[in-house]
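Hi everyone, thanks for coming.

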Amino acid sequence: MELEKWFKLKKYPHIGLPITIKDYNWVKEYVDNTEKIRVHSFLPLIHKSIVKRKFRADNSALERNPKGKRKRIKGKPKVRDIFFASHLDSLIFSKYNEILATAYEEHIKDKNFNESIVAYRKIPISLNSEKNKCNIDFAKTTFEYIQKHKPHKLTVIVADITSFFDNLDHKILKKQWATVINESTLPNDHYNVFKALTNIKYVEGEQLFESYGNTMLVEIGVPNSSTDTIITRKPIKSSLYFKEKNSVAYCEKDEFFRNNLNLIISKNNKVGIPQGSPISATLANIYMLDFDQVVFDMISSIGGFYQRYSDDLIIICEQSYEDDILNFIREKIEKQVKLIIEPTKTKVFRFEEIEKKYRGFEINETTKAYNPNKQLEYLGFSYDGQRVLIKNAGFSKFYRSMKSSFKKSTSLALHSKNPDKSLFKSKLYKRFSHRGAKRKMIYRPTEADKTVYEKSKKYYWGNYLSYINKANESMKFINGNDSLKKQSRNLWRNFYKLMTFHTNRIENRNSKRK
């Protein structure tokens, strides 16, 4: 049976039990019925804050760490507010996202700025290709533009829109939504979806968890059965262990309406849509239609380059246009879409020939003083006019993830019921080493015979090393060598050190128990 593309099952716990493949027929019938969507009552969203820690090199410190590197200081953490829809609501949003994404592509296919809008779209690598472009390709296009315009004196402006999703004006969004689907106003079913996204009602996940005495509905196996499961309520130490304990829901839907209506928070927001819903990203592109048109026309008129990746803008122009373009984008983003360019995240770079080498460096927008140690950074890469590299932050994040996984795997091994208390190495190798870097087709058991496997339509996409290898091949045209691969040379060494350390730790603990 061929499933609809919008039928994407998620396993995160919410209000009510998750939808399964067995629910497909009734869900499809429900979601396809515009009258049912017109009167559908959306459940409140579950809100979580994702905190991303930040560490920066302390340039003012004279002392260095034992390895000779600059000491790092803890910066202000970045907090992202994510809202999760209930499982049925999420599928409704997913269905309408498919409708709007198709309509958006049709609307802009003949627009001159079509290729400049790159986020949240499926853009084929080449005509009739089944493979789509990713951030590597978009960054490469930008760096190639700079390379092709050597030795011109260029300015590159990288700008970030302040709290993008939180500040989308509802009137503008409604107007553009109707425009894209070729309607004068939103049809009733679309309008109900619009209201659910603009009149935000939510529940704090931690409060709902606590209201049930730090217990969750979890799925567990039935004794003496390899396939049957039951749902039961069990205590869980912390929300950090939801996935590990196989949590499926905070409560049933009727339980929530009996016990928890007092937890619902109405945001009463006149601007903004929830970040994290399946439809939010497409709506962001739809919202920016007029701005994209105006900016592209202006930049094209001076022979420049414009690209927008969600709330990140990058513009390349001759240095003589630098101030005019900065003023233009700030004026237009406020006038066209009632948003603001984040002043602290607006970076200006210049590229020009210095001592017979084409170099890129950051300048101070006000004083025009230059900083030769700061290179252009965009979509996870840095470019200094000579070569492209992956930002160090990407490797740091990967290494932190590796360390965390080793600690967790070791803890599970030490406290497992397995007599030998061994570390499950295969998953670690697959996730963090070259052994898991190869991308391959996933095979699944057939319906007729579970011992016979057949090709699925899904692939195992590898790990971070797969990404590095792909980026290296893509950027080799600019670099002329394997600069990106060389950046990753310490990853295997770090992996081996962690593997040795944690294996010895388990063996030492086991020997003490004997």
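Let's start with Lys368, which makes a salt bridge with Asp323, their closest N and O atoms lying 2.8 Å apart. By salt bridge I mean a side-chain nitrogen of Lys or Arg within 4 Å of a carboxyl oxygen of Asp or Glu. This pair ties together distant parts of the chain: Lys368 sits in the loop between strand 15 (357–363) and strand 16 (370–371), Asp323 sits in helix 11 (residues 322–337), and they are 45 residues apart. When I say helix or strand, those are DSSP runs numbered from the N terminus, helices being H or I with at least four residues and strands being E with at least two.

Before I go on, a word on where this comes from. It's a predicted model, where local features need pLDDT of at least 70 and side-chain atom pairs count only at pLDDT 80 or more, while totals for chains, interfaces and linings use all residues. Residues are numbered from 1 along each chain as its sequence is written, and side-chain values use heavy atoms, with hydrogens and water left out.

Back to our pair: are they buried or exposed? Lys368 is partly exposed, at a relative accessible area of 26%, and Asp323 is partly exposed too, at 41%. The cut-offs are: buried under 20% relative accessible area, exposed over 50%, partly exposed in between, with a 1.4 Å probe and protein chains only.

How many salt bridges does a search of the whole structure find? It finds 17. Another of them joins Arg121 to Glu105, with the closest N and O atoms 2.8 Å apart. Here too distant parts of the chain are linked, as Arg121 is in the loop between helix 3 and helix 4, Glu105 is in helix 3, and they are 16 residues apart. Arg121 counts as buried at 10% relative accessibility, while Glu105 is partly exposed at 29%.

Then there's Lys476 with Asp482, whose closest N and O atoms are 3.1 Å apart. Lys476 is partly exposed at 30%, and Asp482 is partly exposed, also at 30%. Shared partners also join Glu4, Lys28, Asp32 and Lys95 into one salt-bridge network.

A bit of background: most residues other than glycine have a negative phi, and most peptide bonds are trans. Now look at Asn128, which isn't glycine and yet has a positive phi, near 70°. Asn128 lies in the loop between helix 3 (87–108) and helix 4, and is exposed, with a relative accessible area of 71%.

Ser310 also has a positive phi, near 60°. You'll find Ser310 in the loop between strand 12 (305–309) and strand 13 (312–318).

Pro151 is in the loop between helix 4 (135–148) and strand 6 (154–160).
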